Amino acid sequence: MHFSLKRFGSLTRLFFQQNWKSIAVYFVIYTIVLLLMSSFIWAVANESIGANMNQGQTNIFFLLMDFFIFVMSFFGLFILLQYIFKRRFHNTNVTISYLQIPATTAEKWLFDILIISVGFTVTSLLLMYGTQQFVFNNLFSEEATALEIRGVFKNLPFLKIMTLFTLISISTICTDYLKNDSKKWNWRSIGMLIAFVLFPLNWVLDWFFFKSNPVTGDTWTRIPFQGVTLPNPFEKYENFSIEHVWTLDDMFLYIGLPTLLMLWAIHYFKLKEYEV
Amino acid sequence: MIHIDNLSFYYKKKKPILSNLSTELAQGKIYGLFGVNGSGKTTLLHTLSGMNFPKEGTIKLNGFQPKDRKLGFFQQIFFVPDAVELPKMKIATYINIYSVFYPNFSESKLNEYLKILKIDASESLNNMSFGQQKKFHLAFAMACNTKILLLDEPTNGLDIPSKDQFRKLMLQQMTNDKIVIISTHQARDLDQIIDHVLLVHDKKILVDESIYKLSQKVKLTTYENKDALPKDSLLNYKSGIRGIEALTLNTTNDFSDLPIEFFIQTCIEKPEIIKKHLTN
């Protein structure tokens with residue numbers, strides 16, 4: 001596989017030259033959202049306001065704030081990415097000028113995945129997380145900390161949220177592609193999902209990244225969405241029951257990640273086979 | 001070398017645009033690609049440049065299949081579409097970014113071409129008119145020094161002096177290892193630089209002949225009136241300022257300038273006669 005850092009750099013430069021205005025608008029809006037979020041936290045931390053709130057009110061306050069940030073920031077990111085990808089193929093001439101750039105499909109694909117989808121999602125998350133940490137570490141008073149609000153944020157499953165929105169961004173690309181010749185691609189997608197991704201890869205990923213719980217037995221034989229209940233932990237395997245469970249880990253590992261990988265694979269082949 | 005073997009292309013199977021089209025294009029020549037609107041000229045260029053994939057048949061350009069979209073293929077080919085939409089940036093930035101992709105790009109050549117076409121290299125592309133953008137794109141395409149250059153209606157939007165400059169540049173950049181295909185309706189704009197005529201008609205190539213051979217096969221003669229027209233060798237005629245201009249078979253085999261526009265018109269209006277007399 002040919003890979004040239006020089007060509008990759010040029011693709012990056014071209015992308016930012018063409019899209020810097022939309023990216024700037026996004027980050028300005030995002031900064032406003034972060035400032036609002038900081039103000040909310042500060043308001044709760046402020047003794048005169050925060051002291052009048054009980055823990056239940058504070059939790060609702062933060063839940064609403066989370067929702068607001070979540071929707072605003074990621075919806076914005078979603079729109080930005082959709083705009084960027086739509087612009088790339090918005091007419092025949094623009095499509096031709098992109099497709100005929102002499103870079104390998106792998107370089108173009110890697111650029112889309114690393115820089116555009118994952119890059120933007122991670123940057124947005126880091127900014128959000130960083131701001132929250134900064135505000136908590138610098139603005140919170142002892143009294144507010146005592147409300148144990150920190151816990152709300154500590155438990156945020158960042159990895160999963162990141163994956164979810166990377167998935168949305170990639171699916172945006174794919175939706176755009178799938179408009180042409182959808183029959184062929186739907187079948188291919190289903191085929192790929194079944195044959196390559198869903199079954200063998202889950203076990204591999206589980207084995208490598210999510211060393212399975214020893215209680216549930218061997219990684220290679222563990223069945224997704226099945227939980228083992230041991231009434232007595234000291235009597236392993238003697239008196240257990242198996243039940244269906246929908247844990248976040250399982251959903252991420254057995255639905256989210258395979259779908260994401262499948263969409264990335266589709267994106268690669270679509271880049272290779274997109275016609276004007 | 002470009003080999004096209006039984007190429008068929010369609011968006012809807014019942015309405016093919018190109019059907020069983022075959023030809024071979026040699027290096028060192030400038031090909032004029034002609035045909036009426038909707039005859040498939042642009043589709044053929046899209047297929048040659050790997051933007052569309054053949055539904056049937058094969059294409060090979062210097063050993064590459066365009067549909068594979070290999071890096072080496074794109075480094076050897078440059079396609080300039082009819083309507084130009086360049087990114088909004090300064091010319092210098094455009095050159096810095098895009099030149100990286102073309103190993104044989106020559107900045108000195110580009111500066112030379114821009115000078116001839118009277119394009120200010122310090123300008124921003126978004127401040128330029130359509131014609132200026134087109135001239136810049138053509139100059140850049142030539143400076144990339146690719147082995148195959150595909151131009152779709154290159155003279156559209158160019159003023160008269162620019163058309164002349166473009167013709168000069170085309171001849172200047174031409175080398176023995178290059179193939180240039182120019183699709184155009186403006187036959188007169190390019191008749192001085194074209195070596196070979198490709199005429200797409202009824203989904204196939206009707207005429208695939210060098211200008212030199214065509215000049216030996218047909219000639220333009222002016223007659224005083226219609227009665228004087230030669231019935232046996234007549235291909236087509238029209239009223240001119242000096243009388244009746246007739247395109248006839250060149251029975252004496254003496255060399256004459258090919259009236260390319262009239263010839264193309266004849267091919268489109270009377271394909272059966274052309275098939276009968278001029279195709280092998």
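I began with the contacts of helix α6(B): its buried residues pack against β3 (29–34), α4 (107–116), α5 (130–143) and β7 (179–183) of chain B. I took residues as in contact if their C-beta atoms, placed from the backbone, lie within 7 Å; helices (H or I, at least four residues) and strands (E, at least two) are DSSP runs, numbered from the N terminus. The model is predicted, with local features needing pLDDT of at least 70 and side-chain atom pairs counting only at pLDDT 80 or more, while totals for chains, interfaces and linings use all residues. Residues are numbered from 1 along each chain as its sequence is written, and chains are lettered from A and ligands numbered from 1 in the order in which they are written.

Which residues of α6(B) are buried? I found Ser162(B), Phe166(B), Leu169(B) and Met170(B), where buried requires 20 or more other C-beta atoms within 10 Å of a residue's own, and exposed 12 or fewer, with partly exposed in between. They lie on the same side of α6(B), because they cover an arc of only 105° around the axis, the arc being that of the directions from the helix axis to the C-beta atoms. On the other side of α6(B), I noted Ile160(B), Pro161(B), Leu171(B) and Gln172(B) as exposed.

I then turned to the strands, and found an open, antiparallel sheet of three in chain B, ordered β2-β1-β4, where pairing needs at least two DSSP bridges between two strands. Its edge strands, β2 (15–25) and β4 (56–61) of chain B, each pair on one side only. Five bridges join β1 (residues 2–12) of chain B to β4(B), and Ile2(B) has Leu61(B) as its bridge partner there.

Terms used. Contact = placed C-beta atoms within 7 Å.
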